Structures are given as C-alpha cells and as structure tokens.
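Please read it alongside the structure shown below.

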Amino acid sequence: MRGRADPVRLVRVEPTIVQCAEQLYVGRRESITMTEFARVADHLPTMFSGLAQRGIQVTGAPFFRYRMIDMAAEMVVEAGIPVSGRVAVEPPDFMDTLPAGRYATVSHVGHPDQLMVITARLLDWAQRKGLTWDMTPTPTGERWTARLEILMTNPAEQPDMHKWETVLLFKLAD
C-alpha cells in the first residue's frame, strides 16, 4: 500500500499500528480450505507475468487478502498485486482497492507454516489493547474488510522458506 509510513520495510516482532493510504490492486479470488491454499498462491506467477507483458507497473509486494474466514470450513482468499492505476483485466482477474485507514501490523521471518501462531499473537495483542477489527461476524465466518499477508520475499531469490519475511496487516475499525 502506497502513501503510508512504510510498515513493510521494518521487521516488526512486536505489533504496532500504522496508517495506510488506499491502494489499487489486481486480484484473483478463490474459495478454499486451509489445505487448498496453493490454489490461491499459484495464481501469483501468472498474474505477475501478465502485468509485465502489458507493461503495467507493480507498486508493492504481492499479498493474500482474507475476505471470509471460517477455519473449520471454507475461506474466501484473494491473491493481490498492487498497481499504480486502473487497468483493464480479463476475468477471473479483477481490480479492487485496499481501503485507507488504521492497521495493526507485525512482521514474521520464518516458514509460512508459523503464520497461524503469529496471527493468533496479533489478534490477542489487539484484544489486550482494546482494539476493534474492521470485521463482521456472520453465520458463515468472519467477513474482513482488509486482512492481509504481504509477501516480502521473492521465492525465486530466496528458496529457503525459513528465511521468508511476511507482514501481517489487519484493518482496524474506524
């Protein structure tokens, strides 16, 4: 997300709150279970390739946006790539905007399998601080306005997953 105090460049082991500007992105959405996450992640190389072939400027690290979460059933998750402006896309790709606002953030360096523990710590931290998420409980799960995992490490440059940096960025209620 552009126009923010850059929360994704400093590795933060303790959660903090940052202000983010809105950010356009090209995305692709899937309904998956936790064991099917690769179906979302596998879209990123093709999406990057398509943007590069068309000369579209990427303005930040790719991310996963969790729209609906029911850990025991299905989740709706998007693979997203920030871009500098509106572009024409062919379905199933789409354009959307990450909303401006206050976000809780924390960085993690390590295997992505550890992200569930890091996420639980961030959620617990916010509860202890009396913070409220921009999230609505529904009968089919939690509907989040913006709950992101930002992928700071390019797997082609660093194949060791234990060295990958991921930034969690969860929107707070206004």
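1. A salt bridge is taken here as a side-chain nitrogen of Lys or Arg within 4 Å of a carboxyl oxygen of Asp or Glu. Asp174 and Lys171 meet this criterion, as their closest N and O atoms are 3.5 Å apart. Asp174 counts as exposed, with a relative accessibility of 86%, whereas Lys171 counts as buried, at 3%. The model is a predicted one.

2. By this rule, the structure contains 9 salt bridges. One of the pairs is formed by Asp93 and Arg28, with a distance of 2.7 Å between the closest N and O atoms. This pair links distant parts of the chain: Asp93 belongs to the loop between β4 (75–82) and β5 (94–98), Arg28 belongs to strand β2, and 65 residues separate them. Both Asp93 and Arg28 are buried.

3. Glu78 forms a salt bridge with Arg29, the closest N and O atoms being 2.6 Å apart. Because Glu78 lies in strand β4 and Arg29 in strand β2, the pair ties together parts that are 49 residues apart in sequence. Glu78 is buried, at 0% relative accessible area, while Arg29 is partly exposed, at 40%.

4. Arg29 and Glu78 also belong to a network in which salt bridges with shared partners join them to Arg65, Arg67 and Asp96.

5. Apart from the charged pairs, a nonpolar patch on the surface deserves a remark. The patch is formed by Met34, Met71 and Met116, which together have about 290 Å² of accessible area. Met34 is located in the loop between β2 (23–32) and α1 (38–41); with a relative accessible area of 34%, Met34 is partly exposed.

Definitions and conventions:
Residues are numbered from 1 along each chain as its sequence is written. This is a predicted model: local features need pLDDT of at least 70, side-chain atom pairs count only at pLDDT 80 or more; totals for chains, interfaces and linings use all residues. Side-chain values use heavy atoms; hydrogens and water are left out. Patches are made of residues with over 30% relative accessible area and no salt bridge: like charges are joined within 9 Å, nonpolar side chains (Val, Leu, Ile, Met, Phe, Trp, Tyr) within 5 Å. Accessible areas come from the Shrake-Rupley method with a 1.4 Å probe; for residues, only the protein chains shown count as cover. Helices (H or I, at least four residues) and strands (E, at least two) are DSSP runs, numbered from the N terminus. Buried means under 20% relative accessible area, exposed over 50%, partly exposed in between (1.4 Å probe, protein chains only).
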